[in-house]
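Visitor: I am new to this structure. Please take me close to a single part, the pairing of side chains, and go on from there.

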Amino acid sequence: MTASTVRLTMAQACVRYLCAQYTEIDGERVPLFAGVFGIFGHGNVTCFAEALERVQDQLPTWRGQNEQSMALAAIAFAKAKKRRQIMIATTSVGPGATNMVTAAGVAHANRLPVLLISGDTYVNRLPDPVLQQVEHFGDPSKTVNDSFKAVSRYWDRIVHPAQIIQSLPQAIATMLDPADCGPAFIGLPQDTQERAYDYPVEFFEEKTWTIPRPRPSVDQVTAAVEVLKTAKKPLIISGGGVRYSGAEEAVAAFAKRRGIPMAETIAGKGAVCHDDPAYVGPMGIEGTEAARQLSESADVVLAIGTRMQDFTTGSWTTFPKDATFINVNAARFDSLKHRAVPLVGDALESIIEIDAALGDWAAPAERMAQAQAWYKDWNDLLDEGQAPTNAEIPSYAQVIGIVNKMAKPEDVMVTAAGGLPGETIKNWRCKSPHSFDCEFGYSCMGYEVAGGWGHAMALEGTPGTPIVMVGDGSYMMMNSDIHSSVIAGHKMIVVVCDNGGFGVINRLQTGMGGAGFNNLLKDSRVVNPANVRHVDFAKHAEAMGAEARHVESLADLEDALAWAQTTDRTTVISIESDAYTWTPGGADWYVGVPEVSPRESVNEARKGQEEFRKRQRIGV
């Protein structure tokens with residue numbers, strides 16, 4: 001070592017560099033990387049873990065139970081921190097790495113930062129084939145880590161120790177870029193990890209990163225404003241980018257001042273509270289009837305920070321074909337969708353500039369009056385659906401109504417996949433901003449409990465608690481981070497809604513004319529029907545160290561939720577819920593239905609799809 005260099009292994013240098021990176025959150029300088037989720041094994045235990053152990057007080061390592069779920073927890077943490085602070089997930093080679101590919105897909109689809117670091121096989125190939133290596137006969141340079149290329153914004157394999165000097169800053173810049181945000185993957189071959197190298201000391205100097213706020217082109221602002229001034233029936237669609245930009249207050253104030261009704265996407269839900277004066281609820285297939293009626297009558301749509309997924313657009317059927325879109329997005333790719341007037345820039349900066357250029361323009365007053373009347377009708381419908389009945393088994397809406405009632409304003413509702421996204425998106429009334437997380441960009445079963453753990457970490461030191469709502473199907477798929485949260489001391493409340501299988505997919509299957517098949521447990525192939533029974537989720541959770549209760553009624557659920565707020569650890573409550581009762585409303589969906597079938601109900605569904613598709617707006 002000289003005065004200008006320090007000799008470290010590549011793994012040690014990687015960890016030391018990550019520890020020197022900082023960010024600012026609400027004016028406070030904090031580590032950019034808040035911690036590491038790790039499962040150690042062949043490929044990351046002898047070198048990378050050795051480096052992590054030395055800095056565990058500065059960069060804490062948390063042991064997960066499954067590589068996919070710990071990366072999902074990291075994604076939820078980034079979402080809770082509004083992409084300003086990042087977690088790392090590290091795995092061994094082979095199956096440890098590929099277990100994490102699904103989580104990378106979640107981060108990529110949702111434009112969320114997470115740093116994924118996996119062990120890799122030997123660059124020198126001397127011991128090949130090694131344990132857990134998948135050999136590619138025609139391309140020996142390929143390993144299973146190449147599978148991350150399809151689901152990463154940044155991908156690299158470090159085959160020489162010096163490469164991290166260029167690679168790590170580029171990975172961080174990608175994760176913090178609003179236009180290119182997503183997961184970064186770094187593969188660390190075992191023989192590269194162990195090699196020592198004389199690194200320049202400047203590489204380890206502390207750096208504070210800031211997230212750029214690109215301002216829109218003046219010409220694009222002018223074009224957008226000219227279109228908006230022609231609007232008689234405008235509509236705002238507020239997406240996840242509004243939340244990540246910190247533009248929620250500015251957009252809400254803009255909507256109120258300009259008299260434009262504001263709907264939200266699934267990722268955008270929670271930017272404002274349920275009773276905001278311009279708010280009309282979520283947009284699209286799982287949206288409110290008020291939002292649907294407004295979109296079907298809109299002449300100009302101002303879409304801010306959204307990638308316009310089919311669940312937002314009703315597969316592009318819920319807008320007039322001649323409606324004009326103004327797409328405000330940090331990503332050029334999203335701004336150009338569906339012949340939109342593009343406005344490439346940060347959501348907050350863009351809405352400020354649009355507002356300044358509009359002068360005294362406002363939408364006709366009757367537009368907002370109509371929106372508020374439709375939104376009142378929608379809330380009346382929710383009240384009716386959440387009201388107690390004499391039904392033996394409560395509906396999702398009734399269960400959600402009780403959970404929502406008992407949640408503190410600071411609590412965060414977490415869900416994903418299955419029937420609960422649609423039901424919570426419609427029925428959950430946000431009491432405070434950023435109190436709702438539904439992972440529906442990738443619709444990943446298993447995100448729920450893992451995501452709750454990530455939110456619990458992010459909420460540490462605050463009055464809030466994650467309230468996870470999960471169906472029995474997702475719970476059975478991935479639940480082990482209940483144990484992780486107990487041993488780590490990160491409390492969440494988990495409400496398991498047991499409807500006897502994959503209820504919402506059964507709804508889609510039968511709704512498109514098919515027979516109930518292999519979705520509900522009662523319709524699945526079994527040796528002995530007597531063995532098909534409800535799982536005792538409370539006992540299962542207790543076995544993992546959680547507090548738990550099973551409840552039979554809505555009144556018991558309310559009591560159990562009050563108790564759950566007083567416990568000192570993760571608490572699980574299970575309740576049976578109806579698999580056939582769903583909250584009405586929302587747009588239609590483009591789905592594949594057989595063109596011919598011996599089943600007449602399928603043929604009828606096909607006719608319905610053909611009529612529905614005639615309403616589609618075709619993008620270019």
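Guide: Start with one term. A residue is buried when its relative accessible area is under 20%, exposed when over 50%, and partly exposed in between (1.4 Å probe, protein chains only). This is a predicted model, where local features need pLDDT of at least 70 and side-chain atom pairs count only at pLDDT 80 or more, while totals for chains, interfaces and linings use all residues. Residues are numbered from 1 along each chain as its sequence is written, and side-chain values use heavy atoms, with hydrogens and water left out.

Now the pairs. Side chains of opposite charge can pair when their charged atoms come close. A salt bridge here is a side-chain nitrogen of Lys or Arg within 4 Å of a carboxyl oxygen of Asp or Glu. By this rule there are 28 salt bridges.

Take Lys79 and Asp437. Their side chains form a salt bridge, 2.6 Å from N to O. Lys79 sits in helix H3 (residues 67–80) and Asp437 in strand S19 (residues 436–439), so this pair ties together parts 358 residues apart in sequence. Helices (H or I, at least four residues) and strands (E, at least two) are DSSP runs, numbered from the N terminus. Lys79 and Asp437 are both buried.

Next come Lys82 and Glu248. Their salt bridge spans 3.5 Å, N to O. Lys82 is partly exposed, because its relative accessibility is 22%. Glu248 has 11%, so it counts as buried.

Asp346 lies in the loop between strand S17 (341–344) and helix H14 (347–357), and Arg213 in the loop between strand S11 (207–209) and helix H8 (218–228), so the pair ties together parts that are 133 residues apart in sequence. Asp346 is buried at 6% relative accessible area, whereas Arg213 is partly exposed at 32%.

Some partners form a group. Asp120, Asp146, Lys149 and Arg157 are linked in a network of salt bridges.

Helix H8 also holds Thr222. Thr222 is partly exposed, with a relative accessible area of 38%. Its C-alpha atom is 9.7 Å from that of Leu343, 121 residues away along the chain.

Now look at contacts, meaning heavy atoms within 4.5 Å. Asn110 belongs to helix H5 (residues 101–110). Asn110 is buried, at 13% relative accessible area. Leaving aside residues up to four places away in sequence, Asn110 touches Glu439, Gly441 and Tyr442.

Last, a helix by itself. Helix H6 (residues 164–176) has 13 residues and reaches 18 Å from first C-alpha to last, close to the 18 Å expected at 1.5 Å a residue. That expected span is 1.5 Å times one less than the number of residues. The buried residues of H6 are Ile164, Ser167, Leu168, Ala171, Ile172, Thr174, Met175 and Leu176. An α-helix has 3.6 residues a turn, so residues three or four places apart point the same way.
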